[in-house]
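User: Can you walk me through the pockets and the core of this one? Keep it short.

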Amino acid sequence: MKNNRYSIFFIGFAILTLSACVTTKYNRPEVRSGNLYRDSKTTDSATIATLPWRDIFGDAALQTLIEQGIKENLDLKQAIERIKIAEATLYQNRMAMLPSLQGDVSVTDAKQSKAALNFPAGVNINLETQTYRAQLSTSWEADIWGKLSSTKRSAYASLLQTDAAKRAVQTQLIANIANAYYNLLALDKQLAITEQTIKSRTKGVETIKALKEGAVVNGAAVVQSEANLYAAEVTLPDLKRSIRETENALSILIAGSPGSITRTSLDTQTPYNDLKTGVSVQLLQNRPDVQAAEFAFRAAFENTNVAKTYFYPALTLTASGGLSTLQLKDFFSNAVFYNLVGGLTQPIFAKGQNKARLTTAKAQQQIAFYAFQQTLLTSGQEVSNALFAYQTAAQKEETRAKQIASLTKAVDFTQELLRYTSTTNYTDVLTSEQSLLTAQLNGVNDKLQKLQAVVNLYRALGGGWR
């Protein structure tokens with residue numbers, strides 16, 4: 001008996017040792033995560049990614065849209081349903097660690113052929129029998145090599161991946177709503193500028209007609225002024241179309257029917273300016289898509305572990321037991337039966353399936369690693385681009401304000417010279433007016449770029465899901 005105990009202990013120890021050699025424990029792979037922000041030397045870990053989105057977007061109308069989007073957006077709802085699927089898969093894989101159990105109740109009516117049994121003629125034997133059976137059967141696969149454990153860990157990683165993907169959808173949703181909202185405000189501003197320009201040019205046409213009657217200008221100046229007016233008027237339909245399409249796009253983001261959007265104005269917007277980026281290694285914990293990419297790699301890693309276990313024997317225990325009798329009245333007496341089977345199955349020739357499975361799993365794991373690294377590098381690129389876009393927009397805003405001030409004076413001067421002197425012609429007036437309108441519209445784009453750069457930087461750093 002003592003020797004048997006030692007043998008069992010030795011066999012168990014050997015199995016555990018071999019099991020540890022088959023599957024390996026997950027560790028985060030070495031990926032390039034430092035110094036991903038171009039021209040950034042900061043070591044400060046403070047980042048706007050940890051701020052709630054309400055701190056970044058102070059516009060009450062925009063906050064209402066974002067809240068509605070988080071509540072109703074259909075892409076986000078689909079992501080939530082995918083989490084439920086992943087949870088069900090994880091539950092199923094956890095239950096695979098337990099033995100299965102089936103119940104079976106049956107009545108079998110059988111009749112034998114006298115000819116087949118070769119009984120003598122005249123022998124009266126009842127060849128019809130009924131068997132009553134009720135049984136329970138169970139089967140359990142011992143997780144010797146870690147196949148079931150690795151499968152469960154893979155399912156758990158997939159669950160975490162879908163959860164991270166849902167948070168990535170939310171961060172992108174918030175950015176899309178904010179960018180569309182700011183774009184809508186910019187279009188409103190450009191429409192207002194264009195309408196004001198049309199009013200000014202309409203008065204200008206009347207002035208030129210009066211100057212023609214006074215012989216200050218000729219007929220060419222009149223038609224040029226009219227053409228200048230029409231040039232502004234013809235942009236109105238496109239601006240109104242863009243406004244409507246942007247409203248419709250925003251409506252879809254909040255899962256609403258196409259319609260008007262309640263909003264404020266571009267002039268009331270003040271971009272968040274304390275743009276702390278932290279260090280790029282924080283992307284691993286702040287950006288949901290980076291987290292999702294790592295969880296995808298982790299799932300692939302565990303799938304490789306599973307593929308390795310197919311080269312080793314599987315230990316399966318099956319048991320069944322119950323009641324069986326030929327007479328229903330004896331069903332609960334002397335009718336007990338049971339059997340217990342332990343089987344060890346070693347793959348010998350599987351037509352290359354195990355090798356192909358392992359090769360595929362390793363390749364998928366490597367693909368997942370490359371995707372993980374690519375997501376990190378792309379994240380660093382997006383942060384760098386957004387930060388530089390903000391900086392260049394701020395520079396343009398300052399210069400654009402000077403340009404608009406100078407062009408406004410130029411329009412006033414040329415108009416005055418046209419009215420009271422003969423030292424200029426209407427071409428100078430047209431040029432200055434067209435340049436002013438272009439500068440004003442570009443000034444709107446400068447502020448839009450600045451606002452959207454903040455949105456894009458916030459998303460690129462991983463903000464919006466907290």
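User: What volume of space lies in the second largest pocket?
Analyst: About 260 Å³. This is a predicted model, where local features need pLDDT of at least 70, side-chain atom pairs count only at pLDDT 80 or more, and totals for chains, interfaces and linings use all residues. Residues are numbered from 1 along each chain as its sequence is written, and side-chain values use heavy atoms, with hydrogens and water left out.

User: How do you define a pocket?
Analyst: On a 1 Å grid over the protein atoms alone, it is an open set of points where a 1.4 Å probe fits, with protein on both sides within 12 Å along at least five of seven lines; lining residues have an atom within 4 Å of a point. Volume is the space filled by probe spheres set on the points, which are joined across faces, edges and corners.

User: Which residues line the second largest pocket?
Analyst: Among them are Tyr-37, Arg-38, Asp-39, Gln-381 and Phe-388.

User: And the largest pocket, how much space lies there?
Analyst: About 430 Å³. Closest to its centre, of 23 lining residues, are Ser-200, Arg-201, Val-411, Gln-415 and Glu-433.

User: Which helix gives the largest share of that lining?
Analyst: H6, with 11 residues. Helices are DSSP runs (H or I, at least four residues), numbered from the N terminus.

User: Switching topic. How many residues has the largest nonpolar core?
Analyst: It has 66. H6 (residues 147–213) gives the largest share, 16 residues. Such a core joins buried (under 20% relative accessible area, 1.4 Å probe, protein chains only) Ala, Val, Leu, Ile, Met, Phe, Trp, Tyr and Cys residues through side-chain atoms within 4.5 Å.

Methods
Buried means under 20% relative accessible area, exposed over 50%, partly exposed in between (1.4 Å probe, protein chains only). Helices (H or I, at least four residues) and strands (E, at least two) are DSSP runs, numbered from the N terminus.
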